[in-house]
Amino acid sequence: MGPAADTDRILAEVDRAADEIVAFTSDLVRIPTVNPPGDAYDVCAHAIGDELARRRFDVEYIAADGRPEHTAAHPRVNVVGTRRGGPGPVVHLNGHFDVVPAGSGWTIEPFGGVVRDGRIYGRGVCDMKAGIAAALFAVEAISRAGVRMPGSVEISGTVDEESGGFAGVAYLAECGRIAKGRTSAVIIPEPLNVDRICIGHRGVYWFEVTARGRIAHGSMPFLGVSAIDGASRLLQIARDELMPKLAARRTAMPVAPPGACHATLNVNGIEGGQRVDGIQTPCVADLCRVVFDRRFLLEEGFDATRAEVEDLVRRAREAAPGVQFELRDLMVVHPVRTPDDSPLIAALQSSIHRVLGRAPSLVASPGTYDHKHVARIAGVPHCVAYGPGELELAHQPDEYCRIEDIINATKVIALAILALM
Ligand SMILES: [Zn+2]
């Protein structure tokens, strides 16, 4: 980090920009970029792009051409701004601008961008439009302070993180816009609390098991084979044998909350036999499908995880003769972890210490986020999530972000950028 006087001037510039940071955040909240289906992406990409251009960034718009979800009705448009400094490292700050649907239970207009009692309210404010504002004004404060950047900064606003990020960060990584050799480090200002640095996440394996039986008259069920009975045997074995094994496994990654340090299995949905809200006829169910969400640990790995699921299905076959079971993979996300000695972690640790006066903690996310695409597709190992807002408020009614947190995160990001360069 530069001389102490530089640091002081940058921190003062962030404080001075507080009203602009709040205004830009609430402007973004007022654009209802709801995903699904992916509303107003074009408008939001341009709102971010216009602001970047006003701050003398070079701005590019990158539409996810070729992706099936990029349609005329719902174009998937990403924006990247570049502020060139010296020939040093390229620090990339990435924020997704899609938000989940508002849902019910709000006492405040979810897309009003209301500012009240030191907080900004609205869907997506903490997850993660405040983070985008923090990234932009961190760079702006460095330049207003007259501090020359030895390297360059890129700020991207991307789509679809809430639905997997394939037309967003994954797309930027696939087309080489975020890439090993080009990008030195990536900070994703997701809401993980201002004194926590998120160093990765567990793996995800979504799979579907289809049970097929034989239809018969419901008055003589013994003449058929119930697919629902078969599926329930599978669920019973999962509950009695597999789940206790998973609960006993624990990762060395600091996943928060602590319950998520273990391997887990959730049943996302089950569908079998007749629709319960339809007209009923007396039939033995010949089809039942179950979708599972298995979160696996870095230490487990995907191959062993899948082999264990195959074994579960094999056990169900033995327990339910006459039922045919079929396993189908729906999605695999491998676990990621930032290397312990990453300069990115050190830069954020010292900056958090300087701004907040306390030591940060390292956490890993219970779910996944765009880190996976940066690590796996772009091949950039130096990636973390750090940003304003409380994780617990994301996706909730009356979502808000404390202005004080946004200002502090902006300061931390500014100092971390310089420390990395
Ligand atoms: Zn998010």
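In helix α3, the buried residues are Y41, C44, A45, A47, I48, G49, E51 and L52. Please bear in mind that this is a predicted model. What do the buried residues of α3 pack against? Their partners are the helices α2 (18-29) and α4 (125-144), together with the strands β1 (58-63), β2 (77-83) and β6 (152-158).

As to its length, α3 covers residues 41-54, and its 14 residues should span 20 Å at 1.5 Å a residue; the end C-alpha atoms are 20 Å apart, so the two values agree. After α3 comes R56, which has a positive phi, near 65°.

I turn next to α2 and its contact with helix α10, residues 403-420. The two axes come within 11 Å and cross at roughly 110°, which means that α2 is roughly perpendicular to α10. The crossing is right-handed. On the α2 side, the contact involves A18, I21, V22 and T25, and these meet I403, I406, I407 and T410 in α10. Of the residues in this contact, six are nonpolar, two are polar and none is charged.

Finally, let us consider A133, which lies in helix α4. Is A133 buried or exposed? A133 counts as buried because 32 C-beta neighbours lie inside 10 Å. Leaving aside residues up to four places away in sequence, A133 touches I21, F24, T25, L28 and I406. By contrast, R239 is 106 residues from A133 in sequence, and their C-alpha atoms are 45 Å apart in space.

Conventions:
Residues are numbered from 1 along each chain as its sequence is written. This is a predicted model: local features need pLDDT of at least 70, side-chain atom pairs count only at pLDDT 80 or more; totals for chains, interfaces and linings use all residues. Helices (H or I, at least four residues) and strands (E, at least two) are DSSP runs, numbered from the N terminus. The expected span of a helix is 1.5 Å times one less than its number of residues. A residue is buried if 20 or more other C-beta atoms lie within 10 Å of its own, exposed if 12 or fewer, and partly exposed in between; C-beta atoms are placed from the backbone. Two residues are in contact if their C-beta atoms, placed from the backbone, lie within 7 Å. Axes are lines fitted to C-alpha atoms, for helices over the stretch in contact, and angles run from 0 to 180 degrees between N-to-C directions. Angles under 35 degrees count as roughly parallel, over 145 as roughly antiparallel, 65 to 115 as roughly perpendicular and the rest as oblique. A crossing is left-handed if the near helix is turned anticlockwise from the far one by less than a right angle, and right-handed if clockwise. Ala, Val, Leu, Ile, Met, Phe, Trp, Tyr, Cys and Pro count as nonpolar, Asp, Glu, Lys and Arg as charged, and the others, Gly among them, as polar.
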